[in-house]
Amino acid sequence: MGNLKTKLKLRNCLFVLRSERKITQAELADAIGVTRATVNAMERGDYNPSLELAFRLSLYFARSIHDIFEIETTTSEE
Amino acid sequence: MKRLEKYIHWYLLIVFPFIVGFLIWESIVIEPAIVNAATLAQKDMIYQNYSGGIWDYAGIIMMVWFALAIITISRLLLSPVYREELLAKLGMIKERDEREVEITGFASKFSMIASIALLLCLLFFNSMSFGLKKYNDHVMGSDGKPKNGTLSLGFGFRMFDSKAIEYVNNDSQKEINYKELPLSKTGIVLLLISWQVGMYYLAARRKFRE
């Protein structure tokens, strides 16, 4: 029997939070000091932000990091 | 200062294709005419035909370009901030946020590995030699069997090019002529590989220590 390997995938609800605030990707990008392309990549799940950027998002939306990001785990056999 | 820098960069970029074109024109049109000229008087005529006008202006433009290029290269060597700014501009690198830093890091790593792979290929093909010999008549081999031909594969390495520096030692004079870099093609490739790996190692080590 092989070893079990756990994969972590970071999910976020940035799109929902942004929609609630009725702001564009560009406006959010300006507020947290990144480019619009980065906000887009984060929303699509193609880019995981650094801890610093995660805290900036947390401060901007006044939510905890756990409210914005969640970890999805999948276990597979090697 | 920034505006002056901008003008210098524009001049270096815009004039560069003209300088390349001028050098090609000089090597295709003027150089053969001078080589084919039978007498010194004919050579003088060619120089006089091209002197004045475009020839002189092109010369001045080229001199200014080379002077500015030397200043820019010296600054590149001496100032790390300027080096990073200019190379980022030349490489069209944008690092506006952490994601773009990650992307440029990935692109740099990829280009470094791709360059090393290419250089290793060049090193291999430049070091090996290959020969194919076909006999018109059958020749008996050392094992007593008839042979049609031979295939030879060899491997040679030469670091320096002895023809690059010419030494003349006559009874009347001693002369040293430096013509080009005294490294062989293999030597240059090896130097580039060592330089790339070495610089990567040094930069990574410095970052790890921070």
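This is a predicted model: local features need pLDDT of at least 70, side-chain atom pairs count only at pLDDT 80 or more; totals for chains, interfaces and linings use all residues.
Local features require pLDDT of at least 70 and side-chain atom pairs pLDDT 80 or more, whereas totals for chains, interfaces and linings use all residues. Residues are numbered from 1 along each chain as its sequence is written, chains are lettered from A in the order in which they are written, and side-chain values use heavy atoms, without hydrogens and water.

**View 1. Overall organisation of chain B.** Chain B contains six helices and four strands, where helices (H or I, at least four residues) and strands (E, at least two) are DSSP runs numbered from the N terminus. Along the sequence the elements follow the pattern α-α-α-α-α-β-β-β-β-α. Of the 210 residues in chain B, 17% are buried (under 20% relative accessible area; exposed is over 50%, and partly exposed lies in between, with a 1.4 Å probe and protein chains only). The chain exposes about 17,000 Å², 67% of it supplied by carbon and sulfur atoms; accessible areas come from the Shrake-Rupley method with a 1.4 Å probe.

**View 2. A nonpolar surface patch on chain B.** B:Trp10, B:Leu13, B:Ile14, B:Phe18, B:Leu87 and B:Leu90 form a nonpolar patch of about 680 Å². Patch residues have over 30% relative accessible area and no salt bridge, and nonpolar side chains (Val, Leu, Ile, Met, Phe, Trp, Tyr) are joined within 5 Å. Helices α1 (2–36) and α4 (80–90) each contribute at least two residues, and the largest share, four residues, comes from α1(B). B:Leu90, in helix α4, is exposed, with a relative accessible area of 55%.

View 3. B:Asp97 is located in the loop between α4 and α5 (98–127) of chain B. This residue is buried yet has no salt bridge (a side-chain nitrogen of Lys or Arg within 4 Å of a carboxyl oxygen of Asp or Glu). The nearest side chain of opposite charge, B:Arg99, is 5.1 Å away; Lys and Arg count as positive and Asp and Glu as negative, while His and the chain ends are not counted. Contacts of B:Asp97 (heavy atoms within 4.5 Å) include A:Gly33, A:Val34, A:Thr35 and A:Thr38.

**View 4. The contact between chains B and A.** Six residues from chain B and ten residues from chain A take part. The buried area is about 640 Å², with 47% from carbon and sulfur atoms; this is the accessible area (1.4 Å probe) that two parts lose on being put together, summed over both. B:Asp97, B:Glu98 and B:Arg99 supply 81% of the area that chain B buries against chain A, more than any other three residues. Between the two chains there are zero salt bridges.

Terms used. Patches are made of residues with over 30% relative accessible area and no salt bridge: like charges are joined within 9 Å, nonpolar side chains (Val, Leu, Ile, Met, Phe, Trp, Tyr) within 5 Å. Lists of a residue's contacts leave out its neighbours within four places in sequence.
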